[in-house]
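These are my notebook entries on a single protein chain. I went through the model feature by feature and wrote down what I looked up.

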Amino acid sequence: MSFNDEKDKNIYDGKLDAESGSTGPIGDDEQVFEEERELKRGLQQRHIQMIALAGTIGTGLFLSSGRALAAAGPVGALLGYLFTGILVSGVVLSIAELSSLVPLTGSYVRHAEYFFDPALSFAIGWNTVYSSCVSIPAEVTAAAVLISFWTTSVSNGVWITIMGLLIIGTNMCFIRVYGELEFSFSMLKIMLIVGLIIMGLCIDLGGAPGQSRLGFQYWRNPGPFVQFLGIEGSLGGFLGFWTTFSNAAYAYSGIESIAAAAAETKSPRRNIPKAAKRIFIRVLLFYVISILIVTMIVPSNSPFLLNGSGNASESPFVIAANLAGIKVVPHIVNAVVLTSAWSSGNSSMLGGSRTLYGLAREGHAPKFLLRTNRYGIPYICVSFVSVFIALGYMTLQDSASIVFGWFQDLVSAAALVTWITICLIYLRFYYACKRQGISRSELPWAAPFQPFAAWLGLLGFGLLLLTGGFSVFIHNEWDTETFFSSYFNIPLIFLLYFGYKFTKKTKMVTLDEMPIRHYIEIANQNPEPEEIPLKGWRKINILWT
């Protein structure tokens, strides 16, 4: 594929001044890409920053961390979340650099079109839509089970319906409404995590009434690692540690969504990289330190970790609070985790609907999906993804925790495929810059640690994807559901890629053909307004404007 005039016309309005014949910005100096005429920029810097910090934190961290602790032990769980966080950081840095240059809705799906192969754009786009269609019912199901913590007299089907309607309603409104909700939810999650960390430290250091100092005693007894399936020795401990990556991948899934609505973000070339640079703070504070505290205050052999309830009583922080005799914490945790499920569902809906819009923009989906309402929302895309919320009703027939586990494994595998693809696209882009003699200083933003971060993510996540369902290959441990949920995404992505490639006869974009210089010129011709330094009371006031 070459970047021909027809494709250029679809992506970039040339801004040719009819009178002067010169090329330059017309009207709003940020209105560069054609889709910005249809979508509206309503996400402020504070929205993007907060979404990047805590937008996708949901049931994966608050509930699934207990399963990781039970399966791998304290050291195994901590290392699993730490290593996954390091790998994910490389993914976020990669997508942020690409989006700072080409701020398109659908982010990596659109980047694949120009920096890899249109067939990959088609494949990863529909894979992302599929992932969203699975992750939303997972969060809706989790929300229904969380509500059952307070009442069991009402069918879960009622709560699934209400939560589904809330997610749909939120995503049908102006993007600013989504941004404000996510800002509020993220504040709640951050306050909860900080509060739980402080509570955990107090419990660990003997601050709870009638409880002695714990220190790291649970690292010694029952031990740093759990022997997976009773396999003795270092092999059993290592296999237990390896099982945590599925839980960790689910907890981090959606972390790349900071770039999903780039065309609806104000000053995306500045604000998306700003958000990406805070990824290390997020990983360290919200994931690694949280897991560290959990391993210090809850033993890995606690029967409460795997009680199958799926509500707050399964959270390791709640277990620790109950053991310490703190009665109000379960209700607080359950309430905030409930908003987290809503928040994560919103993020998945945003990512899925905007990816579908991006597919339609590239001609990989029907054009009627490009229709927007008066708020600039692609409402048909939102409606399409919303249909799959009905999958949540599966929990009315089977155990909610079992169905949630299936959804979790499917989302984890899809997340790994997405992260691998982002790293692949970035590496092609990186080496195309070298081939074309483009200095990294010419880019709107050059991410640190590249290309090593992308290579590490590509190899690491590739290995995790291939070994995600290793337990089924152990003698007498075959489980069809685990095998399917762990490996279904591999043939799916290849089927989509090669099916489109053979049907449309697409070719991989060569390093010389990639339109990198073209996008650099667009960025230079359409500079974003300079950021106004905030001082004193204005730093506080900006949070509410």
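**Entry 1: an enclosed helix**

I began with helix α12, residues 268–277, and found eight of its 10 residues buried, so the helix is largely enclosed by the rest of the structure. I keep in mind that the model is predicted. For the record, the buried residues of α12 are Pro268, Arg269, Asn271, Ile272, Pro273, Lys274, Ala275 and Ala276.

**Entry 2: the largest pocket**

I next looked for open space. Rolling a probe the size of a water molecule over the atoms shows where empty space is left. The largest pocket holds about 1,000 Å³ of space. I noted 36 residues in the lining of this pocket, and Thr243, Ser246, Asn247, Asp409 and Thr482 are the ones nearest its centre.

Which helix gives the most to the lining of the largest pocket? I found that α17 does, with nine residues. At least two lining residues come from each of α4 (64–101), α11 (244–252), α17, α18 (452–466) and α19 (480–487). By residue type, I recorded 15 nonpolar, 15 polar and six charged residues in the lining of the largest pocket.

**Entry 3: salt bridges**

Side chains of opposite charge can pair when their charged atoms come close. I took a cut-off of 4 Å between a side-chain nitrogen of Lys or Arg and a carboxyl oxygen of Asp or Glu.

I looked at Glu97 and Arg440, whose closest N and O atoms are 2.9 Å apart in a salt bridge. Glu97 belongs to helix α4 and Arg440 to the loop between α17 and α18, so this pair ties together parts that are 343 residues apart in sequence. Are the two partners buried or exposed? Glu97 has 1% relative accessibility and therefore counts as buried. Arg440, with a relative accessible area of 25%, is partly exposed.

I then checked Lys501 and Asp117, which form a salt bridge at 2.6 Å, N to O. Lys501 is in helix α20 (residues 489–504) and Asp117 is in the loop between α5 (108–115) and α6, so the pair ties together parts 384 residues apart in sequence. I found both Lys501 and Asp117 buried.

I also looked up Asp512 and Arg435, a salt bridge in which the closest N and O atoms are 3.3 Å apart. This pair links distant parts of the chain, with Asp512 in the loop between α20 and α21 (516–525) and Arg435 in helix α17, 77 residues apart. Asp512 counts as exposed because its relative accessibility is 52%, the cut-off for exposed being over 50%.

**Entry 4: backbone geometry**

Most residues other than glycine have a negative phi, and most peptide bonds are trans. I therefore searched for departures from this pattern.

I found a cis peptide bond between Asn221 and Pro222, with omega about 20 degrees. Pro222 sits in the loop between α9 (217–220) and α10 (233–242). Gln450 and Pro451 are also joined by a cis peptide bond, with omega about 5 degrees. Pro451 is part of the loop between α17 and α18.

Phe449 is in the loop between α17 and α18 as well. I read its phi as near 65 degrees, a positive value in a residue other than glycine. Phe449 counts as exposed because its relative accessibility is 57%. Lys505, not a glycine either, has a positive phi of about 55 degrees. I placed Lys505 in the loop between α20 and α21, and at 66% relative accessibility it counts as exposed.

**Entry 5: a nonpolar surface patch**

Which residues form a nonpolar patch on the surface? I listed Phe384, Val387, Phe388, Leu391 and Met394, with about 390 Å² of accessible area together. Leu391 is located in the loop between α16 (379–386) and α17 (400–435). Leu391 counts as partly exposed because its relative accessibility is 31%.

**Entry 6: two C-alpha distances**

Val145, in helix α6 (residues 118–147), is 14 residues from Trp159 in sequence and 8.6 Å from it in space, C-alpha to C-alpha. Val145 counts as buried, its relative accessibility being 7%.

Leu284 belongs to helix α13 (residues 279–297). Between Leu284 and Ile86 I noted 198 residues in sequence and 9.4 Å in space, C-alpha to C-alpha. Leu284 is exposed, with a relative accessible area of 51%.

Methods
Residues numbered from 1 in each chain as written. Predicted model: local features only at pLDDT ≥ 70, side-chain atom pairs only at ≥ 80, totals over all residues. Heavy atoms only, no water. Patch = residues over 30% accessible without salt bridge, like charges linked within 9 Å, V, L, I, M, F, W, Y side chains within 5 Å. Areas by Shrake-Rupley, 256 points an atom, 1.4 Å probe, with all protein chains shown as cover. Helix = DSSP H or I, 4+ residues; strand = E, 2+ residues; numbered from the N terminus. Buried < 20%, exposed > 50% of the residue type's maximum accessible area, 1.4 Å probe, protein only. 1 Å grid on protein atoms, 1.4 Å probe; cavity = no way out; pocket = protein on both sides within 12 Å on 5 of 7 lines; lining within 4 Å. Points joined across faces, edges and corners; volume = space filled by probe spheres on them. Nonpolar A, V, L, I, M, F, W, Y, C, P; charged D, E, K, R; others polar.
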